[in-house]
Amino acid sequence: MKCNIKPLADRVLVKPAEAEQKTAGGIIIPDTAKEKPQKGTVVAVGPGKKDEPMTVKVNDTVLYGKYSGTEIQWEGETYLIMKESDIYAIC
């Protein structure tokens with residue numbers, strides 16, 4: 001996955017995971033009922049702030065809050081750009 005966006009400071013560009021298509025029981029979830037994914041892959045990382053190096057790196061799978069980040073469209077793809085502090089964990 002190649003992206004020309006370079007985040008600034010402590011920001012991270014994340015490609016959200018696909019929303020679940022079915023439940024564990026096999027029931028297909030309609031588009032209107034799908035939950036926003038809270039997991040994604042880091043595509044680009046900013047340089048960090050002075051005295052605060054970045055913890056995440058490109059290709060890390062991360063967990064973030066349901067309403068974290070700002071959704072952006074770039075070359076037909078959907079990404080989230082968020083501060084590193086909005087990321088809860090690296091998987």
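Predicted model: local features only at pLDDT ≥ 70, side-chain atom pairs only at ≥ 80, totals over all residues.
Ser 68 sits in the loop that links strand E3 (61-64) to strand E4 (70-74), and E3 and E4 both belong to an open sheet of 6 strands.

**Ser 68 and its surroundings**

- Ser 68 has a relative accessible area of 10%, and because buried means under 20%, this residue counts as buried.
- Setting aside residues up to four places away in sequence, Ser 68 touches Leu 80, Met 82 and Asp 86.
- A polar atom of the Ser 68 side chain lies 3.2 Å from the backbone nitrogen of Gly 65.
- Ser 85 is 17 residues from Ser 68 along the chain, and the C-alpha atoms of these two serines are separated by 9.8 Å.

**The sheet**

- Reading across the open sheet, the strand order is E4-E5-E1-E2-E3-E6, and the pairing is antiparallel.
- The edges are formed by E4 and by strand E6 (87-90), each of which pairs on one side only.
- On average, neighbouring strands of this sheet are turned by 45° against each other, with direction ignored.

**Where E3 meets E6**

- E3 and E6 run antiparallel and are joined by 3 bridges.
- Tyr 64 has Ile 87 as its bridge partner in E6.

To bring the picture together: the loop holding Ser 68 runs between E3 and E4, and in the sheet order E3 stands beside E6 while E4 stands at the other end.

Notes
Residues numbered from 1 in each chain as written. Heavy atoms only, no water. Helix = DSSP H or I, 4+ residues; strand = E, 2+ residues; numbered from the N terminus. Buried < 20%, exposed > 50% of the residue type's maximum accessible area, 1.4 Å probe, protein only. Contact = heavy atoms within 4.5 Å. Polar contact = N/O pair within 3.5 Å; in protein donor to acceptor, adjacent residues only side chain to side chain. Pairing = 2+ DSSP bridges. Axes fitted to C-alpha atoms, helices over the stretch in contact; angles between N-to-C directions.
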